[in-house]
Structure formats: C-alpha cells, structure tokens
Amino acid sequence: MTEVKKRKFLFLYLNTGSGHITPALRLKDSIEHVYNKNDYDITIMHGFSPKQKFARLFFESGYHASSAVCPAAYSVIYEINQLAPVLCVSRILSTWKTLPYLQKYIQDNGITDIVSFHFVLSPPARRAIRRLNKGINFTIIATDPFSIHRSWFEVKDADYVVFSQQVKDLMQHSFGISGIQKCWREQDIKVFPFILSPLFKPVGDYTDLRTKMGLPLNKKIVLVAGGGEGLPNMMQLISHFALLDFSYTIVAVCGRNVSAFSMLTKFSKMYPKLDLRVHGFVKNMHEFIQVSDCVVTKAGASTVMEVLACQKPIIFSTYIHGQELGNVRFVVNNKVGWFLRSPKRIYEKIQKLFNDDDYYKEICTNLQKLSIQSGNEELARYIVEEKRPTS
C-alpha cells in the first residue's frame, strides 16, 4: 500500500499592516475547519529572515511610519514604485537575502505548497521553487480587492487569487504587458469573495448584544474606528461632535493607538454630556460593528469588507490615495457610504442618516443587495483540492 504524502503548506507574509497576515490566519483556520488537521501541516511564516534587519526596517517600519504619520508621502512612494526601473531595483534588494533563506526552509521542511500573501515575497519564493526543481504548488493571493499595485504581478508563471473581476481585468489588459503583449491565461487567475471571518455578518436583533456590552438599547450608536492602529483624525472628529451637542452614543475604538485612547478617555470626563465610550484594542470587533448604526472609519480593505458584511453604512474620514482609492469608490458607487473629510460634513451626514427614515432604509436596502459574504471555505477548497503538487 502506497503511503500518501502529507501536504505541507507555507503561508508567507510581512508585517506591513494586518491586511496580509490576517487573510493568512483566516485561510489556515478555514482549511483546518473543512479538512482533517492530521492530513495537512500549515506554517504561517514571516518571509524575511531574522538577520534581514534593514529589509524589515525599510518595508515594515517604513510602511507604518509613512502611512500613519504622513499618508501623502506614502502615496508618493506608492506611485513611484509603479515604475518599472524602481520595481526592478526593489525586487533585487528584497530577493538578495530572502531567496537563500526561503530556499533552505522549503527544502529542509519538505514544503509542498506555498501561498504568498505579500508581493515582496512572491519573486524570491518563485525563484526558490525553480532552484529546487520540485513540483511545488505556488499561489499568490493579491490582498487588495480593488486598487492594486503592479508589483503584485511581477511573477508571470504563478496562479493568482484576486478578490474582484476588476483586478482580474487589470491584470490581463494592463499589467500583462512585458516587452510584448503577454497576458495571463484565464485559468491562471481565480476570482473569489474576500477572505473574512464568518463572525462578520448581519444580526437582526442586537438587543442581547447591546445589553452584554453595556450599551443603550434605544439610542443610535456611531462606531468610530480605524483598524488595529485606530483612526488618525479621531480626536478632531469627536471634539467637533462635542461642540455641536451630539445626541447619539459614540463608541471609539482606538486600537493600539495609546495616545488617542488616553486623550479620549480624559476628554470623555471633561464632556460628561457627550455619551462617549472609549476602548483600546479589542478582539470582538465584529460585535462592535453589529451593534452600531453607522461606522466612521478609514478605507483599509479588511475594515471596509467587515463593515459591509455586517451591512452597516460607512463614512470614510480618510484614505490612502492609490492603495485605498478603489475601496472608497466601491462603497460610494454602490451607494452604501460616503467619503467626507470634514468633521462638520460627517456630523451633518449622520444627522441626515438618523433623522430621515426613508434615506436610512434606502442605504440599508443597498447594503442587502450588495450582500458581501466570506469566500474562506471556497478558497480553502481551491487551495487544497484543485491545486495539488505535481510530484
């Protein structure tokens, strides 16, 4: 009797925001939920070796600093890196020490399947597979659902997973050009729904949930949040609400932004008439979204899809030009949210939303039609069943 070789998956990520490691974790959970854990080993690994201190500083610390402190600078860097010569230099620098590190790990651990969740890691992973000359499955999951950087598509001989037909069309008709017209084959690009936790879903009656969280049952709630790092202009926004005698409950989730948490906690004591509930980093974000009536946030892909999956209206107070522009357009074009930079305009929009029943119902109807759902299990079946190593 022939012994069946155990599949060993390697999921690669970098710490440039949670938008790369979170999908990796969720896909791992889905595979282990659908299939027998004993049949598969799944390792989620940072793609740079511990010795690559400069690479980690440049790609990770540089990303966090520029996107949080100076989004305009990040946008400029984002656009410059679309240029072919810059991409070439970036690829050489990121591959130099990453390639031998990945090659050794793949060989020593008998990896059969590799899934890249970060564009920087895809070229060295592809080259490592070629050097080893083994039939290792290689899949690239482009984690940006609408606005996509061309560096995602530097590897031509790979299978791609994208989260919208828009990105697939862009790949084939714009990024498929390399010297001569060279587009991906239809079977190389698969479109799946976004990777979401199944916890993000609409709830019809949130009475018990609000009671559990100590929130008022008969009062509109505005959630102000911005992912793990919080919302950049949160203090400015909420102080403006206080000056205008805001009559609704505000739940502010500051994430890891300790400074914002401290300032808002003090602010809530200074303005007791403002019903402000301040939280730091939370692990039950789905519940905070589910109990809210409107969400003020930034335009990160995961946050957008999570709010839409819970069918809540979105107001964007900020976004990163280039990377997050497509997310904003998707929400605005589907008439389920707005981009309003001014705190005054955000205040006015919330007033209209909560005081005009027909207007609010129209937005809710649009959210129901959009019907954002998780593609986790569908993607898990593709990775496990449709893609099998050739040797």
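Guide: Two strands count as paired if DSSP finds at least two bridges between them. Strands (E, at least two residues) and helices (H or I, at least four residues) are DSSP runs, numbered from the N terminus. This is a predicted model: local features need pLDDT of at least 70, side-chain atom pairs count only at pLDDT 80 or more, and totals for chains, interfaces and linings use all residues. Residues are numbered from 1 along each chain as its sequence is written, and side-chain values use heavy atoms, leaving out hydrogens and water.

Visitor: What makes strands β3 and β4 a pair?

Guide: Four bridges join β3 (residues 113-116) to β4 (residues 137-141); the criterion is at least two, so the strands pair. They run parallel, and I114 has F138 in β4 as its bridge partner.

Visitor: Which strands make up the open sheet, and in what order?

Guide: The six strands follow the order β2-β1-β3-β4-β5-β8, with parallel pairing.

Visitor: Why are β2 and β8 called edge strands?

Guide: Strands β2 (40-46) and β8 (189-191) each pair on one side only.

Visitor: What makes helix α16 a helix that packs on the sheet?

Guide: Helix α16 (residues 376-386) touches β1, β2, β3, β4, β5 (159-162) and β8, where contact means heavy atoms within 4.5 Å.

Conventions
Axes fitted to C-alpha atoms, helices over the stretch in contact; angles between N-to-C directions.
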